[in-house]
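Take it one topic at a time and find each residue as you go.

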Number of protein chains: 2
Amino acid sequence: MIKINESSPIPIYQQIIEGMQREILAGVFAADDRLPSIRDLAISLKVNPNTIARAYQELATAGTIYFKRGQGAYVTAKSADDLLEQAKAEMAKHIHEIIAIAQSMNLDRQQVRRIFDAVLDQQEVK
Amino acid sequence: MIKINESSPIPIYQQIIEGMQREILAGVFAADDRLPSIRDLAISLKVNPNTIARAYQELATAGTIYFKRGQGAYVTAKSADDLLEQAKAEMAKHIHEIIAIAQSMNLDRQQVRRIFDAVLDQQEVK
DNA sequence: TTTGGTGTATTGCTCTACTAATACACTAAC
DNA sequence: GTTAGTGTATTAGTAGAGCAATACACCAAA
C-alpha cells in the first residue's frame, strides 16, 4: 500500500508514481492486472482524483500502464523490464551530471572513478 | 564574461553563481581579487542589483568570496580548493541518487559499477 | 435505455520562488 | 562633513506548480 507523506517536498502525484512503480516491480501488480480506479485510490489516499489522474497519466505516457476506456488502468506487459530500463536511464542522467562537474574541474576519468568508488564503499550496497 | 540565459529555467542568480565559480576556477579572478560591484554587474548583465546580491550572498555563505564593508566583494584565498571540495560534494549527491535507484531495483554494487563504467566509456572523458 | 462505474476537463485557490523598484545605511576618500 | 561609492532591507509584482471542487463525457452491464 502506498503511503503519502503530506509534509514531504516531493509532490503527492510524484509519490504516487514512485509508489506504483515500486509495487509493480515488487509484483503487487503483475502484467495486465487492473490498478485501483482513480476514484478509489483518491479516496483511500485522501487526495483529489485529479492528483491520482495526473500520476496515472504520467505512468501511461511512460508506457508503464495503459487505459481501457471506461474500465480502468492496467499494467503494461513488459513494464517491469521497462522500469528497469527507465531506472538505468535515470542513473545515466546522474552520471552525466557527474561527468559535467568533473570536466569543469578538469578531473580525469580515473579520479572520477575513485570518487565514485569511495562513495559506493561508504554506502554498504549489497 | 558571464552570460545570462533569460529563457533558461535555471534562475538568474544561480547562473551568476555558477558563472562566478567558473571564472574563479579559470583564474579570471584570483585570490583576494575584487569582484565587480553589485551595481556594476547588475548594469552590465541588465539585471536587478538584488539578484546579483543574492548570488554574491550565497557565494559568501559558501566561503567562496567575502565582503569588505563599503568596498566590495573579494575572492577567498582558498576558494579554488574549496570549489573542488564542493564539486566533490555535488558529485556525491548524484552518486547517492544513483544508489537509491539501484536499491529500489535490487541491483548490487557490481551491477551499479558496470552501468557507471558503461556510461563513462561512452563519454570519452579524458 | 438506464445505471453505476470509468477517466477527463474547467476553474480557481494557495503557496512558493524569483525578480524588480525603491529607499536605506554604511564606508572611504577627499 | 560632503560625496560617491559600497552592500542591504522593504515591499510588491509575476509566474508557475500543485491541488481540490465541481461538472462533464464516455463505456459496459444489466
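A:Lys46 sits in the loop that joins H2 and H3 of chain A; helices (H or I, at least four residues) and strands (E, at least two) are DSSP runs, numbered from the N terminus. This is a predicted model, in which local features need pLDDT of at least 70, side-chain atom pairs count only at pLDDT 80 or more, and totals for chains, interfaces and linings use all residues. Residues are numbered from 1 along each chain as its sequence is written, while chains are lettered from A and ligands numbered from 1 in the order in which they are written.

- Most residues other than glycine have a negative phi.
- A:Lys46 is not a glycine, yet its phi is positive, near 55 degrees.
- A:Asp32 counts as exposed because it has 11 C-beta neighbours inside 10 Å.

**Helix H3 of chain A**

- H3(A) has 13 residues, and its first and last C-alpha atoms are 18 Å apart, close to the 18 Å expected at 1.5 Å a residue; the expected span is 1.5 Å times one less than the number of residues.
- Which residues of H3(A) are buried? They are A:Ile52, A:Ala55, A:Tyr56 and A:Leu59.
- Seen down the axis of H3(A), these buried residues fall within an arc of 95 degrees, so they line one face of the helix; the arc is that of the directions from the helix axis to the C-beta atoms.
- A:Asn50 and A:Thr61, on the other side of H3(A), are exposed.
- The buried residues of H3(A) pack against helix H1 (12-26), H2, strand S1 (65-68) and S2 of chain A; two residues are in contact if their C-beta atoms, placed from the backbone, lie within 7 Å.
- After H3(A) comes A:Gly63, with a positive phi near 85 degrees.

**Around the DNA**

- DNA strand C is surrounded by 23 residues, and the closest are A:Ser37, A:Ile38, B:Ile12, B:Asn48 and B:Gly70; a residue is near a strand if its C-beta atom, placed from the backbone, lies within 6 Å of it.
- Two or more residues of this surface come from each of helix H2 (38-45), helix H3 (49-61) and strand S2 (72-75) of chain A, and from helix H1 (12-26) and helix H3 (49-61) of chain B.
- H3(A) makes the largest contribution near DNA strand C, with four residues.
- The surface near DNA strand C has ten nonpolar, ten polar and three charged residues; Ala, Val, Leu, Ile, Met, Phe, Trp, Tyr, Cys and Pro count as nonpolar, Asp, Glu, Lys and Arg as charged, and the others, Gly among them, as polar.
- DNA strand D has 23 residues around it, and A:Ile12, A:Asn48, A:Gly70, B:Ser37 and B:Ile38 come nearest.
- Near DNA strand D, the largest share is the four residues from H3(B).

**Helix H1 of chain B**

- H1(B) has 15 residues and reaches 21 Å from its first C-alpha to its last, close to the 21 Å expected.
- Its buried residues are B:Gln15, B:Ile16, B:Ile17, B:Met20, B:Gln21 and B:Ile24.
- H3, S2 and helix H4 (79-104) of chain B are among the elements that cover the buried residues of H1(B).
- Just after H1(B), B:Gly27 has a positive phi of about 90 degrees.

**Where chains A and B meet**

- Chain A and chain B each give 27 residues to their contact.
- On the side of chain A, H4(A) gives the most, with 15 residues.
- That side of chain A divides into 16 nonpolar, four polar and seven charged residues.

**Domains of chain A**

- Chain A is split into domain 1 (12-77) and domain 2 (80-122), with bounds from an automatic or database domain assignment.
- The centres of domain 1 and domain 2 of chain A, taken over C-alpha atoms, are 30 Å apart.
- Seven residues of domain 1 of chain A touch four residues of domain 2 of chain A.

Technical notes:
Buried ≥ 20, exposed ≤ 12 C-beta atoms within 10 Å, placed from the backbone.
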